[in-house]
Amino acid sequence: MVQNNVQKAADLILHSEHVTGFTGAGVSVESGIPPFRGEDGLWEKYDPGILDLDFFYSNPEKSWSVIKEIFYEFFGKAKPNNAHKALAELEDMGLLKSVITQNIDNLHQEAGSQVVYEFHGNSKKMVCTNCDSNYDVSNEILRGNPPKCPQCGSLLKPDFIFFGETIPEYAYKKSVEEAQNADVFIVIGTMGEVVPASLIPQMAKENGTKIIEVNPTPSLYTGQMTDIFLQGRAGEKMKELADQVKLKI
Ligand code: ZN
């Protein structure tokens with residue numbers, strides 16, 4: 001019997017020791033979160049300058065009023081979709097070690113994923129720009145404009161990276177370790193255009209990792225480093241994949 005690509009991918013996962021997920025904007029889009037880039041992306045409507053670190057420090061009120069609109073009024077209601085759920089299920093079955101995500105929406109954790117490396121940080125957390133205290137986002141925290149640290153009264157910043165900031169050290173270190181240790185990467189909903197995140201699957205490939213790719217259209221990875229391409233929507237294909245894995249267990 002000739003296997004289709006979903007069956008091949010399921011077999012590969014079941015016969016591997018270390019499988020890692022790697023997700024991008026395409027996964028969040030299916031939960032109703034628009035991408036930043038491209039047609040209909042948020043940067044068509046908003047000025048990306050509001051997330052420039054220097055602008056933020058010199059104009060915290062202006063920056064914060066747009067940040068609230070985009071990330072808290074608008075994104076706040078998004079729920080995990082089948083792609084998030086499938087990854088959480090694979091982890092629960094002991095078949096997935098971690099998820100590296102470029103998304104900042106916390107939806108992997110909300111779907112039940114335990115080990116998540118957030119390459120660009122997390123919008124559901126706040127950090128004080130003075131005393132480094134951390135807070136979960138809440139209406140109370142967001143009330144001020146700009147929001148202030150309850151401990152020391154200084155400016156709070158959402159704990160995702162702004163333009164001009166480096167990748168969070170821990171997430172970067174763990175992502176590189178995954179690229180060194182994984183035998184399979186499942187790359188989902190990312191076109192491979194955002195550096196340095198896009199280099200992680202490439203690093204994995206150079207270490208001999210097999211790449212399963214899930215995308216609606218071919219990306220910079222397809223035909224270059226992808227071993228098995230599952231073409232389609234992230235939620236649909238990841239559910240098929242998780243279902244196929246369950247059938248074979
Ligand atoms: Zn503080």
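Me: Leaving aside neighbours within four places in sequence, what is I67 in contact with?
Reply: In this predicted model, and with those sequence neighbours set aside, I67 is in contact with I50, L51, F56, Y72, P158 and F162.

Me: Which residues have the most contacts inside the largest nonpolar core?
Reply: That core has 28 residues, and those with the most contacts inside it are L51, W64, I67, I70, F71, Y72 and M126.

Me: And which helix gives the most to this core?
Reply: Helix 5 does, with six residues, while helix 3, helix 4, strand 4, helix 8 and strand 6 are among the elements that each supply at least two.

Me: Where does the core lie relative to domain 1 and domain 2?
Reply: It lies between them, because domain 1 (1-33 + 80-120 + 167-249) and domain 2 (34-77 + 124-160) both give residues to it. Apart from it lies another core, of 26 residues, which includes A10, I13, L95 and V99.

Me: Switching to the metal, what coordinates the zinc ion?
Reply: The zinc ion is coordinated by the SG atoms of C128, C131, C149 and C152, at 2.2 to 2.4 Å, and in sequence these donor residues follow the spacing C-x2-C-x17-C-x2-C.

Me: Why is the arrangement tetrahedral?
Reply: The four donor atoms subtend angles of 102 to 117 degrees around the zinc ion, which makes the arrangement tetrahedral. C131 lies in the loop between strand 4 and strand 5, and C152 in the loop between helix 8 and strand 6, so the pair ties together parts that are 21 residues apart in sequence.

Me: How accessible are C131 and C152?
Reply: C131 counts as partly exposed, at 33% relative accessibility, and C152 is partly exposed too, with a relative accessible area of 34%.

How values were computed: Residues are numbered from 1 along each chain as its sequence is written. This is a predicted model: local features need pLDDT of at least 70, side-chain atom pairs count only at pLDDT 80 or more; totals for chains, interfaces and linings use all residues. Side-chain values use heavy atoms; hydrogens and water are left out. Donors are N, O and S atoms within 2.8 Å of the metal (3.2 Å for Na, K and Ca); water is not among the atoms, so sites may look incomplete. Four donors count as tetrahedral if all angles lie between 85 and 135 degrees; four count as square planar and six as octahedral if opposite donors are over 155 degrees apart and all others between 65 and 115; anything else is irregular. Helices (H or I, at least four residues) and strands (E, at least two) are DSSP runs, numbered from the N terminus. Buried means under 20% relative accessible area, exposed over 50%, partly exposed in between (1.4 Å probe, protein chains only). A nonpolar core is a set of buried Ala, Val, Leu, Ile, Met, Phe, Trp, Tyr and Cys residues joined through side-chain atoms within 4.5 Å. Domain bounds come from an automatic or database domain assignment. Contact means heavy atoms within 4.5 Å.
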